[in-house]
Structures are given as structure tokens and as C-alpha cells.
Amino acid sequence: MASGVPQFASLYVGDLHPDVTEAMLYEIFNSVGPVASIRVCRDSVSRKSLGYGYVNFHSVSDAERALDTLNYSSIKGRACRIMWSQRDPSLRKSGTGNVFVKNLDRNIDNKALYDTFSLFGNILSCKVSTDREGKSRGYGFVHYETEEAAKQAIERVNGMQIGEKTVGVTGFVKRNDRDKPANNTFTNVYIKNFPADWDEDKIKSEFGKFGQVTSSCLTQDNKGRRFAFLNFESHDAALKAIDGLHEKDLRTPAQKEADKELEEEEKDKPEKSYLLYVQRAQSKIERQLELKEKMPAKEPAAQPARSQGVNLYIKNLDENTDDDSLKALFEVFGNITSAVAMKDANGKCKGFGFVCFASPDEATKAVTEMHLKVVKGKPLYVGLAEKREARAERLRQRYSPGPGMGGGMGKGGPMGGKGGKGGKGGMGGMMGMMGMGGPGMMGGMKGGPGMMGPGMMGAPMMGGPGKGGKPGMPSMPMGGPQMGMMGPMAGKGMPTMMGGKGMPGTMGPMGPMGAMGPMGPMGPMGTMGMM
């Protein structure tokens, strides 16, 4: 297995077309190996695809093969981007091994970038930044597994020509850690709060006193607020304009008299709406970062206290079920701290919900009384709520094949629970012949009450054409040590011991019986293929 490969078989699949569904992904990825589950992530309200999903395989080797063979393959006209699902966000957020590539040729896509940089080490993710139409923005990112691989890529590729352009390759720096651009060369200024009667020519004439103006633009926003940009020929002229006109009061005496209330309202504000504003023109990103720095740090919102007690998961609910009706179903069993019926975008119940009781005893009583109870024509499932990770681990352990078992087990576990479906083909030993479950001591196909049901007495074990265990289970002769434990039961006339419908029959010659002795009158045997 390659270094750095996670021990879980989960893949992230990105850059998906909005119309790609789980069924489409299943067809593609199941051709590589058995798929355990697939999920396309969607908006919680609109249910539209978010453009990425997750594919979980049963084995890591199948996931590795899918990553190698399907990465950047086309799905509905778009090249998908596959990488290992990184459940630990610290690896993504640390920036370790992350490389920034700029001045990319517009024809370079994700695969071309990956092929170029994969020579230097194992790549965790690789992406060319694109706009909404899918066109390259001219830069991308490559995240290596190790910092050494990233350093080697920077040394080898920086200044190299890829396509028609010479690329620049540097270590990725988080936005908050980047050096701010120097403010000693700007020539463009931003102006607002100027008099209503000023037009573009008036603005140019007033600001032209400080130096040569090369261009100007007067516009307004959606709220009708006017603002302008002026570009000076030199940086010094722009500085003089800011020093001479910023926060200058251009109002008439009548306007000042009318604005007294406004002045009182804004006396504590750093920026006054009635004074001319002249400052260096900033990009949108710069303004956002500056505002973020000026804003006081928000205290994290207090999380709502989690309901204390025992949380139950209920499914198979009617689509008209709401929170109140769900609570009404269970409140007879004790104090309910919360009850929620999960709903879709149309307000219909999704068929499941949660009820939290104040005490374990009350929850136990609710499970005992309500599990499989028919409500509005549907049998409810009621059980303890589990976290997703705990449920996934439990299911993994439950369905993982144990040592020495080549086939699946019947329902209900090895010995007991619900009636099993008989030992599957290839399951050797006693358990395979016992049908893996049933209320009886050695339960049969349908969990009959007898000591040895039809699954034990079936033809594949006895050699006749009965209906017991399925093909592939080793036959077992009647007699020998396996049957010796029935010796004490012999001749007791227990009709249920070896099941039957009351049809007369005899055991026939069975070979040595060990401690059993002759079978004696054991009641009707039925047509069980014992001969």
C-alpha cells in the first residue's frame, strides 16, 4: 500500500456536474470494486448538488485502484477530481506541503497540473482555480503529502515553461499571513460624500489642482449613493489630494444648520457622512480584510444546551407526523425533554425523528412498548439514537466476515434472535448447518420451537432431497459424534425434537448412533428426505 494512504476506504469526488446522482457514481465506481455507500452532498434547502460527494469502498485496495484509474475521468462532460477523504481537517488547514502555482496557461487543466507535479511526490489534492463557466483563472494549488516533496517541486518547477507561459511556484501562504501591499505607489483615489451638484467635470477640476488627472469615473450604487474614482499621473499628486480634501466640509451655511441633528447623531462615528471622503482606492478583498480587522472579534454564539437524558431514534413515521404528534405518542412513558420529527423542504415528515427522555428507565419503557407497534398503518422502529460514526463502526463489525466463514450469516446472529435463513453456501462447521439462529436450541430455517428444526434435518446434510440447508454446505451423516448428544433424548416420544407434520415414516438405516441407541418411537417424521 502506498505511503500516506488512509486505512479507511473513503474517497472524495469533486468537480461534479450538478446533474450527477448517486446511481451514476455507483455504476462508475462499482466497476472497480464493491462499493459500500455513496453520497452526493446537497444543499439542505434546495437539495441541489454542491458539486462533490463521497464514495466508500469495502476495501482500501479497491479505493486505491479507483483513485488511480478514475481520477480526472469525465462524468457528464466534466473531469471529476478524486482524492482520499481527509477526515482530519488539521491536515488541510495547516498548509504544510501546499504549493501555489501562478501564471498558468489557460489550457492547463487539473490533470495536466497533476501530471506535471506528481513527479516530485505523493499528491493529496491538485486543483486549477476556475470561474463559474469553468475557465481557468490562471493559478492553482498542489497539496503534497510531505513538505520535502513541496520544496522539491518549488525548486524544480519555479520558472519553468508549462504550455505557453513561464509559471511561478511558491509555498502557499494563508491570506491572513500574507504581507499587505505597499501603499507608497498608488495613484488611484476613491471619493464620496461630495455635494449633490458636482458632476464629473467639477470633480476633475477640483482635484486637478493637486496634479494631472489621467482618468475619472463617476457612478452610483443600487441605493443611489454617488461615488467617484480619480487616477492621478503620480503618487505624490494622489497623496496631496488626500491631504488637502479628505474630511473637508463643503456644505453651505444653510446646509450646516439643517444638519445639526445629523452631526449630533454621528459625533462618535469615525467617518462623518456630511464630510468629503478621499482615500486610496482599494480592491474589494482589501476592503473586506480591513473591515474585518476593524470589527471587534465576535464572541462565539452560545450553543443551545444539548438535551440531557436518553435519546431515541424512531423511524417509519407517517409523512404527516409533526413534533407535537410525535411527542404525544411517547409522553405517556415519562418526561420528554425534546421531540423532533425531521421534515423535508415541503414540510413533510421524512419518516424518522428523535425523542429524548429525561431518564433511562423511561426510555427503556418506551422502546419496550413502542417498538414494532403499528401507528397509522406502519410498524414503528424505536431504538437508541447513535452517532453516525458509532453506527458505521457497529455495522462494519457486524457485516465483516469472521475467520473461517466464507459466506453470509442468517439474521439474528450466531445463536438466537430472529429466525435465520439457513447457513449459506460455503459456511462449514456446525454453525453453517444450524441455519445461524432461531429460538430453538438448534433453530432451523424459520426458527421453529423444536430442538432440531428443518435446517438441521435437511437433505443436504442427510443425503436426501429435503429442503433444509442450502447447497454448498457439507453433508453430515446421521451418527457419529455429532449425533451422540441426542442419545438421552432417544425413545422419549418427543414429536418436536425432529420436526414433522404428522406423516408417518421411519428413520431407516442410519449407521452407528453412538450413545443414541435405536431411535425408538419418536413420533411422525414427515417427508423429510431421511431415507
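At 29% relative accessibility, Asp323 counts as partly exposed, a class that covers the range between buried (under 20% relative accessible area) and exposed (over 50%), computed with a 1.4 Å probe on protein chains only. The side chain of Asp323 meets that of Lys343 in a salt bridge with an N to O distance of 3.2 Å, where a salt bridge is taken as a side-chain nitrogen of Lys or Arg within 4 Å of a carboxyl oxygen of Asp or Glu. This pair links distant parts of the chain, since Asp323 belongs to helix α11 (residues 323-330) and Lys343 to strand β18 (residues 336-343), 20 residues apart. Lys343 is likewise partly exposed, with a relative accessible area of 35%. Helices (H or I, at least four residues) and strands (E, at least two) are DSSP runs numbered from the N terminus.

The model is a predicted one, in which local features need pLDDT of at least 70 and side-chain atom pairs count only at pLDDT 80 or more, while totals for chains, interfaces and linings use all residues. Residues are numbered from 1 along each chain as its sequence is written, and side-chain values use heavy atoms, with hydrogens and water left out.

By the rule given above, the count of salt bridges comes to 16. One of them joins Lys202 to Glu206, with the closest N and O atoms 3.0 Å apart; both residues lie in helix α6 (residues 200-207), four residues apart, or about one turn of the helix. The two partners fall into separate accessibility classes, for Lys202 is partly exposed at 33%, whereas Glu206 is buried at 18%. Another salt bridge connects the side chains of Glu257 and Lys260 at 3.3 Å, N to O, and here Lys260 counts as partly exposed at 49% relative accessibility. Asp249, Arg251, Asp259 and Glu263, in turn, are linked in a network of salt bridges. Disulfides (pairs of cysteine sulfur atoms within 2.5 Å) come to a count of zero. Among the cysteines, Cys41 is buried at 6% relative accessibility, while Cys217 is partly exposed at 37%.

The next part of the picture is an open sheet of four strands in the order β2-β3-β1-β6, with antiparallel pairing, two strands being counted as paired if DSSP finds at least two bridges between them. Strands β2 (35-42) and β6 (81-84) stand at the edges with a single partner strand each, so one side of each is left without a neighbour in the sheet. From one strand to the next the twist averages 20 degrees. Within the sheet, β1 (residues 10-14) and β3 (residues 49-57) run antiparallel and are joined by four bridges, and the bridge partner of Leu11 in β3 is Val55. Helix α1 (residues 22-29) lies across β1, β2, β3 and β6, running at about 145 degrees to β2; axes are lines fitted to C-alpha atoms, for helices over the stretch in contact (heavy atoms within 4.5 Å), and angles run from 0 to 180 degrees between N-to-C directions.

In soluble globular proteins, nonpolar side chains tend to be buried together. A nonpolar core is a set of buried Ala, Val, Leu, Ile, Met, Phe, Trp, Tyr and Cys residues joined through side-chain atoms within 4.5 Å, and of the 22 residues in the largest one, Leu11, Leu25, Phe29, Phe57 and Ile82 touch the most other members. At least two residues of this core come from each of β1, α1, β2, β3, α2 (60-70) and β6, and α2 gives the most, with five. Leu11 has contacts that include Phe29, Val55, Phe57, Leu67, Ile82 and Trp84, when residues up to four places away in sequence are not counted. Apart from this core lies another, of 20 residues, among them Val101, Ile108, Val128 and Ala153.

Leu104, placed in the loop between β7 (98-102) and α4 (110-117), is buried at 1% relative accessibility. Its contacts beyond four places in sequence include Leu113, Val128, Tyr139 and Val167. Leu104 and Ile162, although 58 residues apart in sequence, are 7.3 Å apart in space, C-alpha to C-alpha.

Val189 has Leu230 as its bridge partner in β15 and Arg280 in β16.
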